[in-house]
Amino acid sequence: MEIEKQIQRLQDRLSYIRDIFGPKDNPNRQLLEARLGEFLARGNGLSLAEQVRQVTQLEDLFRFLEKKLDAELTPMDRVRIVRHPQRMCLKDILENVYDNYSEIGGQDEYSIDPSMLIARAYISRRVGKKVHNQPVMVIGQEKGHGQEFRNGGSVKPWGNDKALKYMRVAQTENIPIHAFIFTPGAYPVEDYPGAAQQIARNLYEMAGLTVPIVAVFSEGGSGGAEAIGLADYRLMLSHGYYSVISPEGAAAIEGKTRQGQRVAPELIEACARQLKMTAADNKAMGYVDQVIQEPPLGARPDDYEFFKLLRGELIRATNQVILSVRGLKFFRAMALSRKSKAAAAAVDPESVFVRWSIGSGPRELLAWRRWIKFRGLAQAAYLDRRTTAQKIFSIGQDLAWSLNSFFRYEFLGKHRKKLERFVEEMEAEARVVKDKVAAPVVKIGRRLGVGGNSQLAEAERDSLTKLSNPEAGTCLTDESWAYLSPRARTDRAVTCPNAATHGCLDLWAPDLFGDFAGVCSHCGHHFPMEYEWYLYNVFDQASIHEFNREIEAGNPLSYPGFDQKLAEAKEKTGLKSACMTFEARINGLNLVVALLAAPFRGGTVGAAEGEKFIRAVERAKKKHYPLLAYVHGTAGIRIQEGVNGVIQMPRCTMAVRNYIEAGGLYLVLYDTNSYAGPVASFLGCSPYQFAIRSANIGFAGPGVIKETTGIDIPPDYHLAHQALTRGHIQGIWDRREARKNIYQALLTMGGRNLYYR
Amino acid sequence: MKAKRHKVLVANRGEIAIRIVNACLKLGLDFVCVHTREDHASGHVRLAREMGGEKSLYRVASYHDASELLAVADAAGATAVHPGYGFFAEDFRFARRVVTRDRPLTWIGPSWRVIRELGDKINTKRLARRLNVPTVPGSDRPIYDELEAEDMAAKLFAFQSEQGFDQHVVLVKASAGGGGMGIEEVERIDVFKSVYRRLRNYAKRQFLDEGVLIEQRLFGFNHLEVQILGDTSGKNVVHFGTRNCSVQSAGRQKRIEVAPGFAPAEINYRFDAARVLNDITEYSLRIAREVCYDSVGTWEWIVTPKGEPFLMEVNTRIQVENGVSGAIAAIGGIGPVDLVAEQIRVALGEPLGYDQGRIGLKGASIEYRIIAEDPDNRFAPWVGRIERFDWRREPWLTVHSHVPTDTPYEIPTEYDPNLALAIVTGQDLAEAKARGLAFLDGLVLAGRNAGGGELKSNVDFLRKKTDTLLVF
């Protein structure tokens with residue numbers, strides 16, 4: 001019987017290889033097929049001993065060739081490995097890595113979202129004579145070996161909400177979080193709490209969690225991965241991938257295919273390679289801290305050695321994170337340090353005990369260190385064209401602002417308040433004295449001035465009929481916009497898309513795009529407007545001061561053909577990246593603005609945009625200015641930058657969190673199509689999000705939703721008023737009132753620590 | 001003198017379209033008319049067909065669709081657009097479009113800048129105040145301060161009692177509002193504050209601007225007008241006297257207009273009426289000169305029972321009642337004056353050719369607006385079929401009407417139910433009144449509606465009002 005099991009196992013291994021390498025010709029696979037075939041053909045005629053001998057030989061051959069195949073895996077092969085139903089999944093890890101666990105927040109299909117699995121797990125070990133039971137919160141996507149209801153690990157918005165809930169529980173219980181990422185991407189529906197908004201919320205909360213977070217990446221598909229992947233220590237399995245988008249998705253965009261069309265497999269292969277999504281690539285770029293070697297052709301549920309390795313690395317990583325923020329650690333830290341591989345290998349992580357609950361001081365430090373870690377990422381992925389002198393100058397300027405704001409707000413602030421209060425009191429006292437003294441004089445004056453005059457006095461009459469405030473000029477209403485769209489210079493009639501339903505008459509382009517600011521005067525439909533319109537019509541005249549213009553979008557992955565596309569975008573728009581950061585004033589109030597301009601590569605966010613955004617946030621924080629993210633339009637993360645782009649999601653969100661925690665006011669204003677990564681992170685996390693009526697807000701466009709979920713969405717699915725209904729935004733503004741509304745927001749919203757408060 | 005023969009697009013309907021076509025014929029210009037399906041039987045359609053043939057008629061879906069009207073202008077090869085009154089007459093955007101489009105046309109009316117400047121009431125008020133022209137007392141800019149607003153309201157109440165008005169109403173308006181939204185009436189000063197606060201909060205919520213205007217509603221005043229004309233140089237501005245338009249319907253629409261505005265020679269006033277007429281004419285000219293007024297226009301005035309004039313607004317267009325001013329006017333001794341023709345003539349670039357000294361104003365003229373409506377029922381319009389419509393022809397009578405006298409006519413429900421304008425002239429007001437009564441007595445107007453009801457008209461109302469015309 002034993003021998004038949006062995007043969008069966010070999011057959012399984014062969015079919016697995018077939019699945020991974022597909023129909024391509026592969027000599028190794030063919031060799032295995034031929035040998036196994038030969039053996040099976042002869043099989044029954046041989047003696048048992050001979051069979052055993054040949055099976056053992058075959059097993060050796062399999063082992064040898066699997067290693068060989070493993071060496072020549074293409075990125076796309078790895079994608080197929082992680083998606084294979086036989087790949088080990090989170091349940092296997094819970095069984096094999098942890099000593100005890102119970103699933104919480106639902107079980108199997110009886111869960112709010114079966115693709116998000118939460119477990120309270122224990123790692124028990126004996127160190128010396130003592131047994132330690134260390135609890136952790138395990139959070140991760142469950143692919144469930146192809147179980148239909150698991151949805152392939154594609155987590156719905158409420159699944160991410162569930163994850164967030166138990167992260168908060170871990171925070172309360174002061175236990176570490178182990179996050180396992182097994183997702184091709186989030187399920188892109190907008191139903192409450194909304195795919196994008198929930199991921200943004202998760203990122204925002206994780207940025208401030210004060211318990212250690214260790215993440216393990218197996219399949220890290222874009223936004224879905226980020227929803228639980230913001231970690232202090234990021235481990236990656238050697239056969240996994242971590243990418244901005246699935247290779248198929250990238251190929252569909254690259255090949256400009258329409259919905260329903262098939263993409264050429266070669267293009268998908270090429271995209272998988274160009275996106276640099278493998279563990280080695282990510283380690284090299286610094287987006288994961290460590291790669292865990294899997295057995296050849298990837299870990300499957302019975303690779304027990306692998307689980308043991310994983311357990312060790314998880315313990316080591318958790319220990320290391322905790323030791324990095326705690327005193328009394330010297331020897332243990334040295335023992336865990338991975339600087340010398342040999343030394344590390346010699347120490348069994350199980351033998352080093354570190355208490356996993358930490359005190360309040362180190363807890364604060366933990367979040368800070370996490371920020372520092374992410375702040376330093378992707379620094380090589382953008383072009384900084386500043387000269388050394390300019391760099392030194394900007395460092396000096398930063399320092400000066402820090403000093404200035406310290407003195408103004410921390411040091412003098414308290415004393416000034418006291419002084420003001422004193423002056424106020426004294427004035428009130430003085431007034432009482434003055435009134436008492438002056439009272440008799442006023443009485444006499446009243447008696448002298450004879451009253452009872454029914455005629456309106458000349459002066460009173462004048463105040464009703466003479467020009468008031470002559471200095472304001474005659475024309476109070478002669479308002480014309482400071483910037484006119486180029487479309488306002490064409491002599492043509494424009495038909496409103498609502499004409500059929502609302503009976504709007506055709507509008508003349510100069511009226512529509514000039515006087516009406518692109519708003520249909522009949523139904524209020526907002527035509528999209530150039531971002532320059534806002535620059536000139538929202539902010540005070542000539543108050544815009546741009547900074548960090550020298551930071552330019554680059555091509556960090558050397559993506560073929562992308563250099564030229566970037567050059568074209570720069571040429572066409574005159575911008576150096578999709579993000580323009582500047583200081584400006586509205587009615588005299590200073591604010592920092594980060595603008596995402598749709599004409600530059602669809603307003604996509606890459607390393608340069610993220611860096612500029614973060615620097616703008618830091619500037620606003622230093623100067624105690626309010627911060628406005630004006631999203632003229634964004635199509636998401638720039639896929640050609642791969643993880644360099646995706647990593648901007650946690651980075652920018654953390655910057656925003658620091659700013660808000662410091663008492664700032666962070667406003668987001670969406671103007672046109674605003675989708676995907678940015679909305680699912682640093683934009684969606686704002687408590688004050690507003691939209692111009694022309695906005696569409698969401699996670700994925702209609703095409704992607706149809707392709708990934710099979711749902712046909714109605715055409716108004718992403719409209720601003722739907723986002724308002726779902727609670728994703730807090731208001732819809734008329735474009736012509738953007739200035740007024742922003743000013744109102746600056747006065748009334750957020751921020752205990754703004755310079756003008 | 002003219003390099004090319006102009007062709008005027010008549011972008012209007014009914015009575016004014018007829019007058020424009022007639023003026024074009026008089027000036028030797030081509031014209032093209034538009035009409036909607038509902039208006040196929042209107043007099044202007046018949047006139048255009050008769051004088052210009054089918055090629056001078058285009059059917060449009062709406063008189064309100066600028067793109068369609070301009071498409072007609074292009075198709076017909078028109079070179080100028082006359083908007084008449086209503087519709088696009090005071091729409092500066094349409095005027096701007098006409099003159100700035102790729103194939104520019106001549107706009108027969110004030111330049112779009114003038115329309116824009118004088119089209120805004122607050123703007124006009126501030127302009128007038130700068131020129132020391134009296135305007136209706138009240139605020140000329142949004143007020144944000146509660147004490148200032150209350151103070152102004154108190155003064156307005158004092159003003160109203162001083163001027164002898166028996167009903168006192170102060171209006172609080174949201175300055176960012178419009179279309180009747182955000183207006184409240186206050187009748188006593190002690191409730192002002194609460195009304196003001198309510199409106200201010202409403203305005204802040206609704207329009208994001210808490211500025212309010214403090215104005216007043218006046219009752220029992222006389223409504224006077226000054227007829228102005230200027231040429232495109234903007235330097236030659238003349239007037240054609242005053243009109244009194246105080247006889248109005250319940251909805252404040254004019255029913256009888258009289259030129260001149262007062263008759264001090266025949267009627268006793270409690271104030272110096274001749275001086276008032278003189279003053280408002282001077283004031284109107286002052287503003288017209290300031291803005292370089294370049295077409296026909298009307299300055300509307302309120303005269304209080306104590307004889308104080310206040311500028312209300314400026315109408316930057318030809319008005320319905322231009323005929324009464326034309327009827328008493330003569331240029332170089334030749335009258336009456338066709339103001340529509342003058343408007344077209346100067347718009348096409350001809351200089352005015354005369355000054356104020358050559359304009360003579362003599363006698364009196366009354367215009368009756370004959371309308372199918374029920375004056376006893378708040379002037380509700382009457383809809384039906386007119387079977388008989390006729391009057392005795394007289395040398396002192398001009399009737400402008402698009403309603404045929406030879407065939408029955410169904411009143412279209414889509415447009416206002418104005419049937420005819422009858423202009424009666426006389427040596428003095430007494431003669432004009434007597435002739436007016438004679439005309440009304442001889443007028444034949446009968447019809448039935450779908451329910452078999454008799455036609456209702458305002459003829460009795462007009463007759464009743466004739467006696468007291470210009471008495472104030």
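The model is predicted: local features need pLDDT of at least 70, side-chain atom pairs count only at pLDDT 80 or more, and totals for chains, interfaces and linings use all residues. Residues are numbered from 1 along each chain as its sequence is written, while chains are lettered from A and ligands numbered from 1 in written order.

**View 1. Overall form of chain B.** Chain B carries 13 helices and 23 strands (DSSP runs: H or I of at least four residues, E of at least two). Its radius of gyration is 23 Å, close to the 23 Å of the globule rule for 472 residues, so chain B is as compact as a globular protein of that length. The radius is taken over C-alpha atoms; the rule is 2.2 Å times the number of residues to the power 0.38.

**View 2. The largest nonpolar core.** This core has 311 residues. Such a core joins buried Ala, Val, Leu, Ile, Met, Phe, Trp, Tyr and Cys through C-beta atoms within 7 Å; buried means 20 or more other C-beta atoms within 10 Å, with C-beta atoms placed from the backbone. Among the residues with the most contacts inside it are I139(A), L627(A) and V81(B).

**View 3. A separate core.** A second core, of 19 residues, includes A153(B), F159(B), V172(B) and A174(B).

Definitions and conventions:
A residue is buried if 20 or more other C-beta atoms lie within 10 Å of its own, exposed if 12 or fewer, and partly exposed in between; C-beta atoms are placed from the backbone.
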